[in-house]
Amino acid sequence: MEKKRSHETAKTNSRSCQHNHGKIQTDNEEVTSPPSPINEEDEGYASPDILKVEDRPTTASSGRKSALNSSFSRPPSRRLDNRPSSTRSTFEHIPGTRPASRRKPSSQCGKTHLGVNTISRQSNRSRRSQLGSAGTGVTQRGHGSDSDSDEDRQKVHAFDADFSNVDIHDEKAFDTDLEVEGQDQAGLRTTRLRWMDMNTPTPSTNIDQTTTYDHTGKTSYIDTCKRLGVVPASYFLRHMQDRQLSMRHHGLGPAGMRALAESLTSNSSVIELDLSDNWLGPQGGIAVFEMLKENCFITELNLSDNRLGSECAADLSAILQQNVTLTHVTLAGNDFDDHSAPYLAEAIMNTTKVQYLDLSHNQLGEVSGLILGPAIADNTCIKELDLSWNCFRRKGAVAITQGIKNNVYMKKMNLSWNGFGLDGAVGLQDALKGNSVLQELDISNNRITPEGAVVIGKGLSVNETLTTLKMGKNPMQSAGCYGICAAILRNPNCVLKVLDFSDILVNKDFEEVYGQVREQIPDIRMTHGGMEPPPKPKAKVHPMTKLVNYIEKHELRLVDFFNKFDKDGSMSVTHEEFLEGIETARLALKKHAQETGIKLSEEEIEVLLDELDRDGDGEINYNELVVCHVDFQEKREQINTVLTVMQPRPMTS
């Protein structure tokens, strides 16, 4: 009876499920239905790190306790409706789901239970992002902390200055310094949430407070970017250990260059550094020069197209004199002008390591030439100097050539695209005669005329070291090229191998003299602009035109002209008498030093006789001469009328 009575009591205090769930839930026990196997990719999957339950003392047996623990060591089932209210109260609201006060009552096993919390199904992408953002807060709040949500929000906002999640090893990924502004906002939010999930510690995680030294310098660079408020260049992070580092066209600016310079100060891997076209400005240039005071590994530096200007010319000069590793320096396109010339001259004169210096595409003028010329003469280490695309002319050009003459180390000189002209050509003649070291000379596009080319040829006729001469794009014409080749023929010790006359047309006379040069120097290579087009043949003038022009010029009447040929007064002359009269008139004009006579060739005389002798009787009478003259005048008037019509009319307002 006691067993039966206890059974009825238990039956009245319990709710049984009639759908073969196999579990009975009482008021005094916490029972969890066995977890159903699910995939992590299922849209209702919830991370076990997010949904955690407090350990509460229960009266369940040890077997049920182990079942409860195992249920949370594995991913939970899709529905959490079977949990008792004591367990459900520990779950916090997840962003994107319906709050507990607004959730619809859920039915299970055909019955409706009020107060049971359910988690709505969402898409896989939105659920993961939401759980990632709420995971830490749920775990902490499960233990009674109320300030974790504020910390999470602060971390999300603080991520704008943190770039530790950037994949710097992906060469195909975007470069942060150029494309971060156009990044998709949804992708950026997802990246932030993942970063929070990776960097937020859990209660069971033991945080290692010790820090290790980053010998690559990546951590230092990112920290410097945070401090200066600039976006790190992911390309630099990927290649900062390369031997050749090219940061061309990255738009670094002064602030970005400061961060890069601080990292390169202790970098021992980069030997060739290219920073061209980054708009560094004077401040960015000074940051580079300060870095070079500490870095003793960079040997080649390219700072072209950075608009350094005259403001940092003094710092540039100081670093070129102090640094003992730089051998190749490119400073093209940096707006250096006559105010920068004294500092550049000091650097050229006192540097002991630089072997290649490029100052092209600047604004160095005549005054700069007067300053740089003596510095070039005193230089003792630069072997290749590029001064092309500047404004050297007149006295400045002459000073540069005098510096070349007295220099005993320079082997390559580029003076193209300046304005040397005839004055510079005279200076180059003197330089070629006095210099015994120079091997390559480029004076293309320097306004050198044929006369200037002949003058340069005089210096070339005694030079024994020059192997390459470039004189293209000069208005020296074929005569100037001929003068250079003739000078080579006069120098038996000439060692020229390359002769460049680009964009200059030559004629047959040049081809002949160049053939002789090829016989003297078989290995020489020459380029020119092609052969000159053959001259157009002169238009043939009708002999009747010459005859009429003679009559009009000497203001003769037609009858008076005819009487010079008609000796007997018969008003008719033979062909022989007509020819004799023309020859007499020509000799008389020649005797009086007059070149304007009737100049007719034998062919023209035959054509004229056929024109005048209309009836073909072998004689020319006066009437035939008058008819021919009238016909010629009519034809000339018709031609003049056509030409007048074809001329463009003047524009009227």
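Which residue in E15 is the bridge partner of Val498? In this predicted model, the partner turns out to be Arg525. The pair belongs to the contact between strand E14, which covers residues 498-501, and E15, where four bridges link the two strands in the parallel sense.

Stepping back from that pair, E14 and E15 sit at the end of an open sheet built from eleven strands. The order runs E5-E6-E7-E8-E9-E10-E11-E12-E13-E14-E15, and the pairing is parallel. At the edges stand E5 (244-246) and E15 (525-528); each has a single partner strand, so one side of each is left without a neighbour in the sheet.

Leaving aside neighbours within four places in sequence, Asp274 touches Leu245, Ser246, Met247, Arg248 and Asn302. Two of these, Leu245 and Ser246, carry numbers that fall in the 244-246 stretch of edge strand E5.

Then there are the helices. Two packed helices are described by the angle between their axes and the distance between the axes. For H13 (residues 341-350) and H14 (residues 366-378), the angle is about 10° and the axes lie 8 Å apart. An angle under 35 degrees counts as roughly parallel, so that is the label for H13 against H14. On the H13 side, the contact is made by Ala341, Pro342, Leu344, Ala345, Ile348 and Met349. H14 answers with Ser368, Ile371, Leu372, Ala375, Ile376 and Asp378. Sorted by class, this contact has ten nonpolar residues, one polar and one charged.

H17 (residues 450-460) and H18 (residues 477-489) pack at an angle of about 10° too, with their axes 8 Å apart. That makes H17 roughly parallel to H18. Here H17 brings in Pro450, Ala453, Ile456, Gly457 and Leu460, while H18 supplies Gln477, Ala479, Gly480, Ile484, Ala487 and Ile488. How many residues of this contact are charged? There are none: the contact of H17 with H18 divides into eight nonpolar and three polar residues, with no charged ones.

How values were computed. Residues are numbered from 1 along each chain as its sequence is written. This is a predicted model: local features need pLDDT of at least 70, side-chain atom pairs count only at pLDDT 80 or more; totals for chains, interfaces and linings use all residues. Side-chain values use heavy atoms; hydrogens and water are left out. Axes are lines fitted to C-alpha atoms, for helices over the stretch in contact, and angles run from 0 to 180 degrees between N-to-C directions. Angles under 35 degrees count as roughly parallel, over 145 as roughly antiparallel, 65 to 115 as roughly perpendicular and the rest as oblique. Contact means heavy atoms within 4.5 Å. Ala, Val, Leu, Ile, Met, Phe, Trp, Tyr, Cys and Pro count as nonpolar, Asp, Glu, Lys and Arg as charged, and the others, Gly among them, as polar. Two strands pair if DSSP finds at least two bridges between them.
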